[in-house]
Each structure stands twice: as C-alpha cells, then as structure tokens.
Amino acid sequence: MSIIKEAANTAGAAGTVGSAATNVGRRVLFFAEAATLAHVARPMVLAQTLEAAGYEVHFACDGRYRELFPTLARPWYPLESIDSQAFLDALANGRPLYSTERLQQYVEADLVLIEAINPNLIVGDFRLSLSISARLAGIHYMAITNAYWSPYARPQYRVPELSITRALGVPLANLLFKLARPLAFALHTRPLNLVRKHYGLPSLGLDLRRTYTDADTVLYADLPELIPTFDRPISHQYIGPINWSPDIPLPPWWDKLPEDRPVVYVTLGSSGQSNLLPTILSALAKLPISVIAATVGRITHNEWPANVFVTDYLPGDQAAARAKLVICNGGSPTTLQALSEGVPVIGIASNLDQYLNMGYLEKAGVGRLVRSGQVSTVCIKQETERILGDLECQGRTVQVQNQVTACSATSNMLKLVNTIIPACHD
C-alpha cells in the first residue's frame with residue numbers, strides 16, 4: 001500500500017500544477033502496465049501526442065522503464081505492476097496472468113489515482129483492472145490493444161510453445177489445444193470476473209477476448225488491411241501502428257558496415273527466447289550478409305562471427321530502415337516497426353500473442369513464422385535466403401508501408417479524443 005499512498009500524495013500535489021483555465025475539462029490519465037515494454041511505449045507515444053496538443057496529461061506506471069522515455073510536463077506517478085519475468089513465465093506456460101488478489105490490488109490503486117487526479121478521460125494499455133475502476137469512477141475509458149485479440153477477429157489459433165508441445169509434438173499438441181482452448185480461455189477470465197462481482201459489476205462471460213477489450217472505446221494498434229475484424233461496433237476503432245524507438249546513440253560500428261551486402265536486423269526483444277540468439281547468428285554467419293543484432297542486455301558472448309555486429313540496444317526504427325529483413329520474436333511492436341519501413345519479418349514465436357500476430361503476417365505474405373521450439377541453423381538459414389530472394393514479398397511489404405503511412409496512430413488518436421473531450425474555445 002505504500003506505493004498507492006505515494007502515488008496519491010504525488011497526484012494530489014501535482015493535480016493543481018499546470019491546470020490552467022485552458023485545460024479545464026481536458027485532463028487525460030494514462031495507465032500503462034509495465035509487464036512488458038510495449039505496454040508502456042504505446043501509451044507514452046499517445047500521451048506525448050495529447051500533451052503537445054494542449055491536453056493536461058498524467059501518466060501512471062511502474063518505473064522500471066522510466067529512463068527510456070523523455071519527461072512529460074507532469075511527474076510519472078508510481079504504480080505497481082506485476083514482475084515482468086513472472087508475467088512472461090505465466091504467458092509461456094498458459095497460466096492466468098493475474099490472480100484475483102492482484103487485480104483487487106490494481107483496482108484499489110487505480111481508484112486512488114483517479115480520485116486524486118479527477119481526469120476527464122482514462123487511457124490504458126493492458127491494465128485490465130480499469131474494466132472495473134474506470135466504470136466505478138464513471139469516466140470514459142479507452143483501451144489500447146491488438147485487433148487479433150478482438151472478439152470480432154477470426155485468427156488462426158495454433159498451439160504455442162507449451163509443455164504439451166514439447167512432450168507430444170506439434171501435430172498432436174495442436175489438436176489438443178484446439179479442443180482445450182475455449183476452456184483455457186474461460187479459466188483465464190475467472191479472476192477479473194470475480195473482482196467485477198465483488199464490486200457489483202456483471203460478468204464479462206467466458207471469452208478471454210472480452211476481458212482484454214472491455215472498454216468504452218477500444219483502440220486497435222493495427223492496420224485493418226492486415227488484421228481485419230467483422231461486424232465490430234463503432235466503439236472499436238483502428239488507430240494504426242503505434243511505433244516507438246528509444247532515443248539512444250548508435251554503436252561505434254554503425255558507419256563501418258559494408259555497403260556491398262544486405263543487412264539483416266536481429267532482435268528478440270524483452271519477451272523473446274534470448275537463448276536462441278547464438279543459434280540464429282551462427283546460421284546467418286554462413287550467408288553473404290551483414291547482421292546487426294540487439295541483445296537487450298539479456299545475453300553476453302565474447303566472440304561473434306565476422307559478419308555480425310552486436311550491441312545491447314539499437315534504435316529500432318533506424319535499424320529496421322537499414323535492413324532488408326528483420327528477425328524478431330514475432331510480437332506486434334517489432335513486426336509493425338519493420339513493416340512501417342517496408343521490411344519483411346521472420347518471427348520466432350513462443351507465446352500465443354506472437355503466434356496470433358505472425359499468423360496474419362504470414363497470410364498477408366509479408367512474414368514467416370518459425371516456432372521457437374524448432375529453431376536450428378539450417379531452418380534460419382533457409383528462411384532467410386527464401387525471404388531475401390522473394391521479390392513479391394518485398395513488394396507486398398512496401399504496400400503495407402504505404403498503408404502505415406496513410407494510417408497515423410497519433411493523428412487518429414487526437415481526432416478520437418477531441419470527439420470525447422471537446423476542445424475548449426476562448
């Protein structure tokens with residue numbers, strides 16, 4: 001409870017700072033769930049956009065990624081999030097991500113901040129407790145998500161890298177997964193539904209996708225051309241990819257890369273199987289390419305192949321722009337960043353979120369999915385050669401790049417917020 005009290009004190013003190021008359025009625029409170037970096041980066045990009053447009057922006061988040069982002073006008077309010085490794089472990093093993101007790105704590109912390117800041121609009125990224133706290137406070141709630149988690153999408157469900165996959169093999173595990181998935185999704189809905197019942201709110205049912213998208217306005221950080229939905233209500237809106245890259249210096253070797261060979265950018269991010277990186281780089285060492293790789297500080301190695309250039313972090317947008325291919329964990333943030341630069345992807349997927357995303361990219365012909373449990377030097381080498389030699393794939397990614405350009409998430413967000421919080425005029 002100390003974090004909750006600290007947040008309340010900070011918010012109470014800051015709530016009157018900068019609240020000029022022109023900002024009356026234009027106060028937006030962002031909640032970011034810091035279990036992964038993506039759930040912080042996306043709302044931060046939108047928060048910066050609204051602040052630049054004159055909104056009074058407040059940002060609540062665990063501080064674990066604080067140093068990666070520029071400061072907003074108001075303090076970053078401390079808000080406890082689940083441990084990142086515990087979150088990834090639950091995701092990898094198909095367990096519910098949050099307990100009833102954890103969600104109850106989240107609701108309590110949410111309500112303290114909401115009361116102290118008194119916003120006109122709440123925006124959250126995977127802060128599932130806002131399904132309760134924003135409703136109890138009676139404030140319009142926007143939820144940022146991906147379209148493949150929409151109840152109105154029709155994704156292809158494939159078994160991720162679970163224990164049954166390793167024990168039984170992919171074909172049999174996939175069959176069992178298809179049979180068991182509805183029950184598994186139902187079990188994942190139980191914690192939030194129990195907390196909703198505690199507060200007198202109706203159940204969201206047994207479809208996990210409703211749990212992930214319960215909001216007054218749902219924002220899909222995707223392209224409708226890539227991930228379509230069907231018969232969705234007007235409250236579900238595509239705003240487009242929310243691309244973000246850290247503002248960090250380029251490594252010393254950046255300007256020394258050979259100009260006579262294609263570049264492949266490799267990053268498994270904070271949620272990929274980092275132990276696979278040596279295998280991937282070993283496979284790419286056999287090709288006439290240059291490899292730029294970001295380890296995210298998750299793996300150390302003294303000797304890399306001669307054509308491999310390694311650092312802990314890279315500005316992803318610049319790395320993707322320089323590459324002919326991006327190899328990543330298959331998650332939405334990095335794949336959309338690559339496609340925004342007209343670059344195809346190989347997604348080495350392990351959890352269900354990554355499989356859902358890569359299923360759509362494969363269908364669109366702009367990416368290839370490789371199961372993390374089946375990675376080998378032969379597989380990576382073959383898939384890389386295939387995509388680098390596929391001119392039709394290269395052309396399709398340029399089409400997606402044009403679609404991203406035409407669908408500005410920041411502009412779309414600003415238009416939506418302006419309709420919910422009408423601008424104050426002199």
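**Cavities and their linings.** A cavity is a set of points, on a 1 Å grid over the protein atoms alone, where a 1.4 Å probe fits but cannot get out; lining residues have an atom within 4 Å of a point. Grid points are joined across faces, edges and corners, and a volume is the space filled by probe spheres set on the points. This is a predicted model, in which local features need pLDDT of at least 70, side-chain atom pairs count only at pLDDT 80 or more, and totals for chains, interfaces and linings use all residues. Residues are numbered from 1 along each chain as its sequence is written, and side-chain values use heavy atoms, with hydrogens and water left out. Four cavities of 30 Å³ or more are counted.

**View 1. The second largest cavity.** Its volume is about 50 Å³. The lining is made by Arg-42, Asn-146, Ala-221, Pro-241, Ile-242, Asn-243, Ser-332, Pro-333 and Leu-336. Helix H11 (residues 332–340) contributes most, with three residues. Helices (H or I, at least four residues) and strands (E, at least two) are DSSP runs, numbered from the N terminus. By class, five lining residues are nonpolar, three polar and one charged. Here Ala, Val, Leu, Ile, Met, Phe, Trp, Tyr, Cys and Pro count as nonpolar, Asp, Glu, Lys and Arg as charged, and the others, Gly among them, as polar.

**View 2. The largest cavity.** This one has a volume of about 90 Å³. Pro-96, Leu-97, Tyr-98, Leu-103, Leu-128, His-188, Thr-189, Pro-191, Leu-192, Leu-208, Thr-211 and Tyr-212 line it. H7 gives the largest share, four residues. Nine lining residues are nonpolar and three polar, with no charged residue.

**View 3. Helix H4 against H7.** The axes of H4 (residues 100–117) and H7 come within 8 Å and cross at roughly 50°. Axes are lines fitted to C-alpha atoms, for helices over the stretch in contact, and angles run from 0 to 180 degrees between N-to-C directions. H4 and H7 are therefore oblique to each other. Angles under 35 degrees count as roughly parallel, over 145 as roughly antiparallel, 65 to 115 as roughly perpendicular and the rest as oblique. The crossing is right-handed, a term for a near helix turned clockwise from the far one by less than a right angle. H4 brings Thr-100, Leu-103, Gln-104 and Val-107 to the contact, and H7 brings Pro-191, Leu-192, Leu-194, Val-195 and His-198. Contact means heavy atoms within 4.5 Å. Six of the contact residues are nonpolar, three polar and none charged. Leu-103, Pro-191 and Leu-192 belong to this contact and also line the largest cavity.

**View 4. Helix H4 against H5.** The axes of H4 and H5 (residues 130–137) come within 9 Å and cross at roughly 35°. This crossing is right-handed. Val-107, Asp-110, Leu-111 and Ile-114 of H4 meet Leu-130, Ile-132, Ser-133, Ala-134, Leu-136 and Ala-137 of H5. The contact has eight nonpolar residues, one polar and one charged.

**View 5. Two loop residues with positive phi.** Asn-118 sits in the loop between H4 and strand S4 (121–125). Its phi is positive, about 55°, although Asn-118 is not a glycine. Phe-126 lies in the loop between S4 and H5. Phe-126, likewise a residue other than glycine, has a positive phi near 60°.

Note on methods: 1 Å grid on protein atoms, 1.4 Å probe; cavity = no way out; pocket = protein on both sides within 12 Å on 5 of 7 lines; lining within 4 Å.
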